[in-house]
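Colleague: I'm new to this one. Could you walk me through how to read a few of its features?

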Amino acid sequence: MDSGEPDITSHPQEEDIESERQTSPALVIDPGKNSQSPKASFVEQNRVVIGGDCDCQSPNVSSVDKSQVLIDSEHDSQTQSVSSVDNSQEEIDGEDCQTPKVSSVNKFEMGVIGELESQSPNPLSVDASGVSVVVKSEDGMYVIPKVGMEFESEDDAYKCYSRYAVLEGFSIRKDFVNKSRINGAVVSRRYTCYRQGYRPNKHYVNVRKSRQETRTGCLAHMTIARQSNGKFRVTHFETKHNHELVTPSTAHMLPSQKRLNFFQAVADDLDNHPGMDGVPKLGMRFDSEDHAYEFYNTYAGRVGFSVRKDYVNRSKIDGAVASRRFTCFREGFRQKDKRDLNVKRPRRETRIGCLAQLVISRQSDGKYRVTHFEEKHNHELVAACRVRMLRSQKRLAVAQGVDGNLVDGTEIQPRLASELLSTTIGDCRNLAYDPIDYKSKLPSRCMREMRVGEADRIRLYFESKHLKSPSFFYAIQLDADDQIANVFWVDAKMVVDYSDFGDVVCFDTTCRLYEDCRLFAPFIGVNHHKQMVIFGAALLYDETVESFKWLFRTFVEAMSGKKPKTILTYGDATMTEAIDSVFPETHHRMCVWHVYQNALRQLSHMFVGSGSFSNDLSSCFFDHEEEEDFINAWKAMLDVYGLWENEWLHEIFECREKWAVAYGRHNFCADIRSAQLRENFSANLKKYLKSDSDVLPFFKHLGKVVNDWHYKELEANYEMGQHMPRLMGDVILLKQARDIYTPKMFEWFQLEYETCLNIVVNQCTENGSLFEYKVSIYGQLQEYTVTFNSVDENVACNCMKFEFVGLLCSHALKVLDYRNIKLLPTKYILKRWTKDARV
């Protein structure tokens with residue numbers, strides 16, 4: 001990664017306490033207790049969430065208390081790890097290879113560039129001559145800085161000093177930094193109190209409302225210097241302040257604490273999410289047995305062993321797999337065979353009784369859950385450069401092209417591996433797969449060429465992402481000239497989001513400013529709060545059918561074979577052909593948002609001098625759910641603005657059944673259009689997609705956007721646990737819905753219920769157990785037909801709102817109430833809209 005690229009775990013220069021306020025659930029304050037002093041009350045009367053462990057003890061706490069202070073950690077951040085592998089050699093196929101040390105993924109970048117690393121710190125080492133000063137929590141020790149203490153990195157030093165500042169009640173600022181002129185590495189760094197120094201006065205003479213003075217020349221600071229071993233040692237530590245420290249009730253407003261809490265909240269959520277780091281955990285769920293195997297085999301490829309399908313238990317009723325055990329390839333022992341005595345060259349013994357395994361069992365919903373996981377091995381693991389030779393890993397594409405084999409009858413040029421990846425077998429890099437897809441090369445040159453050096457920057461960026469988090473996946477498609485044509489990437493957070501909310505996917509290809517710009521094509525969805533999430537992304541330099549087919553196949557591969565139920569696109573002919581080929585069972589519709597964006601470009605001249613055209617156009621696209629209403633509104637717009645002769649509007653109206661909201665309501669769409677209206681995702685990225693601009697700033701900005709989406713979900717989850725939506729009345733049905741749905745979805749549901757109070761039943765016909773009701777809103781002529789089956793209590797309305805968005809409409813709710821059904825049937829509660837959507 002470029003040395004100039006900012007890391008989201010780094011903290012920018014702190015300004016004043018008046019920085020933008022940002023609430024954070026990471027700090028829990030109990031206002032019911034009176035604070036006695038800025039220091040003691042902060043520690044003793046409140047619960048502060050601080051991550052990190054240290055196994056060192058001290059009888060004294062100099063700057064906080066004379067005894068160890070107990071902090072009740074409300075949210076415990078734990079880090080899972082894979083057992084380390086000793087540096088030894090593993091012989092495979094008669095060759096020896098040095099086995100690198102492997103650990104689990106305890107860092108993970110959220111989004112595409114978010115540079116967001118887990119805040120779980122490395123253990124801090126202390127100078128042997130010094131005595132550590134610690135603060136004790138329920139699950140670990142937190143080190144207080146001391147001269148002579150050593151840190152693994154500059155960031156670890158910042159975290160330690162920032163936690164100390166939390167206990168003391170002040171904010172810190174990154175002040176002086178000294179970097180090497182040779183390689184730009186930090187040689188020394190000083191962290192100061194936020195009230196260090198004085199503000200110059202000459203710039204504020206004519207300011208009417210001058211900012212409050214916060215700097216008082218405080219000398220409290222900590223200085224670290226890089227040692228010969230690469231670690232950072234505390235060379236100076238000043239604890240005295242010349243000002244009062246902050247009270248516990250306002251400590252979370254300090255600039256450095258706001259940033260720390262923001263990053264900690266996002267990182268903790270990533271660390272605690274099952275499977276986020278690619279390591280199996282008890283309770284993890286999989287859609288099928290094959291998905292569980294793929295996940296475990298991918299994990300095995302990173303750690304360095306092969307997987308064997310061992311024990312299986314099948315149902316005596318339908319023969320389906322009830323439970324299955326996957327083991328290490330060195331599990332058990334080989335049975336002795338009398339024939340072995342007469343064999344001149346017996347097979348090498350590979351089984352040595354390794355107990356590493358993963359056991360899954362089928363649940364009542366048909367999915368599989370991890371019931372047992374043993375990660376420890378009793379043997380040396382395989383180096384990354386030899387993983388590809390293991391039996392279960394041979395399906396991976398690492399050997400393709402690098403060995404110069406024939407793929408699809410075409411000889412791969414050896415120079416490609418060095419030019420595009422700079423990776424060979426001898427490098428022994430930590431890559432369990434080859435990102436270059438040699439099987440799907442384009443038959444011709446790509447439509448647009450990259451800038452000089454752009455391929456190298458993309459390659460290096462993605463390599464660094466994968467090395468930091470092996471769960472980060474990317475793939476590259478080449479054209480006929482062996483140049484990069486298309487790139488796709490996805491990280492572990494996106495995979496998890498897709499597993500929870502991948503039923504509806506919007507393939508957005510509108511993020512382009514000019515025709516010659518690089519095409520950014522993200523896969524977008526919505527979560528249970530109706531907030532946008534991203535499932536994956538691609539940079540396309542070619543837009544042929546072959547390119548789209550490759551992209552869709554790669555997307556399915558990254559998602560372990562799971563395909564969406566509905567995919568929304570712009571509707572281009574080449575894209576449609578590719579979708580019909582790769583997603584034959586998926587409902588494909590033109591995204592109304594995409595069509596609307598195109599309408600804005602085609603009709604841009606109509607916005608000049610007309611303030612109402614924008615509203616009328618938007619209303620035609622989004623506000624009419626009935627066919628008759630839509631057609632009438634469309635014709636009225638053409639009449640008012642004289643657009644009957646507009647060819648583009650005529651063409652788009654002819655294919656209205658593919659995109660208009662009034663059509664295709666039998667296909668679930670998760671109301672994704674409303675989320676797109678709120679975020680306007682493409683508009684925020686267009687300026688970074690110019691063909692003459694560097695691609696790295698685009699990655700950076702995209703990461704910030706995705707990180708912001710993630711934090712919005714964390715905030716929504718926090719608010720969901722703290723506040724209950726207000727009920728319109730003491731209604732059993734609403735109380736049930738409020739407990740089940742997320743607040744956003746409950747508000748929508750409550751509006752439907754409020755509408756149903758004004759609905760009247762006009763007619764009822766009975767045919768055995770089937771009842772048909774004609775209902776309408778009081779005072780309106782339009783009627784809706786609702787059918788009800790008294791045997792299974794199935795209810796269906798011809799407006800098809802439940803089929804379209806996953807919530808029962810007001811018409812169906814009226815019939816349920818008419819039938820004295822006071823609780824919402826579970827069959828009409830879609831899990832993706834509930835509080836337990838991610839469980």
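Colleague: What covers the buried residues of α18?

Modeller: Among the elements in contact with them (heavy atoms within 4.5 Å) are α16 (695-722), α17 (732-740), β28 (759-767), α19 (801-805) and α20 (810-818). Those labels follow DSSP runs numbered from the N terminus: helices are H or I with at least four residues, strands are E with at least two. Do keep in mind that this is a predicted model, where local features need pLDDT of at least 70, side-chain atom pairs count only at pLDDT 80 or more, and totals for chains, interfaces and linings use all residues. Residues are numbered from 1 along each chain as its sequence is written, and side-chain values use heavy atoms, with hydrogens and water left out.

Colleague: Which residues of α18 are buried?

Modeller: Buried means under 20% relative accessible area, exposed means over 50%, and partly exposed is in between, using a 1.4 Å probe and protein chains only. In α18, that gives Pro743, Met745, Phe746, Trp748, Phe749, Gln750, Glu752, Tyr753 and Cys756. As a general idea, an α-helix has 3.6 residues a turn, so residues three or four places apart point the same way.

Colleague: How far does α18 reach from its first C-alpha to its last?

Modeller: Helix α18 covers residues 743-756, 14 residues in all, and spans 20 Å. That is close to the expected 20 Å, the expected span being 1.5 Å times one less than the number of residues.

Colleague: How do I read the packing of α18 against α20?

Modeller: Two packed helices are described by the angle between their axes and the distance between the axes. Here the axes of α18 and α20 come within 8 Å and cross at roughly 60°; axes are lines fitted to C-alpha atoms, for helices over the stretch in contact, with angles from 0 to 180 degrees between N-to-C directions. From α18, the contact uses Phe749, Glu752, Tyr753, Thr755 and Cys756, while α20 brings Ser810, Leu813 and Lys814.

Colleague: What about salt bridges, how many does the structure hold?

Modeller: There are 26, each being a side-chain nitrogen of Lys or Arg within 4 Å of a carboxyl oxygen of Asp or Glu. Take Arg838 and Glu713, whose closest N and O atoms are 2.7 Å apart. Arg838 sits in the segment after α20 and Glu713 in helix α16, so this pair ties together parts 125 residues apart in sequence. Both Arg838 and Glu713 are buried. Salt bridges with shared partners join Lys493, Asp497, Asp500, Glu713 and Arg838 into one network.

Colleague: Last one: where is Glu793, and what is its phi?

Modeller: Glu793 is in the loop between β30 (784-789) and β31 (794-797). Its phi is positive, about 60°, although Glu793 is not a glycine. Glu793 is partly exposed, with a relative accessible area of 37%. Asn820, in the segment after α20, also has a positive phi, near 60°, and is exposed at 62% relative accessible area.
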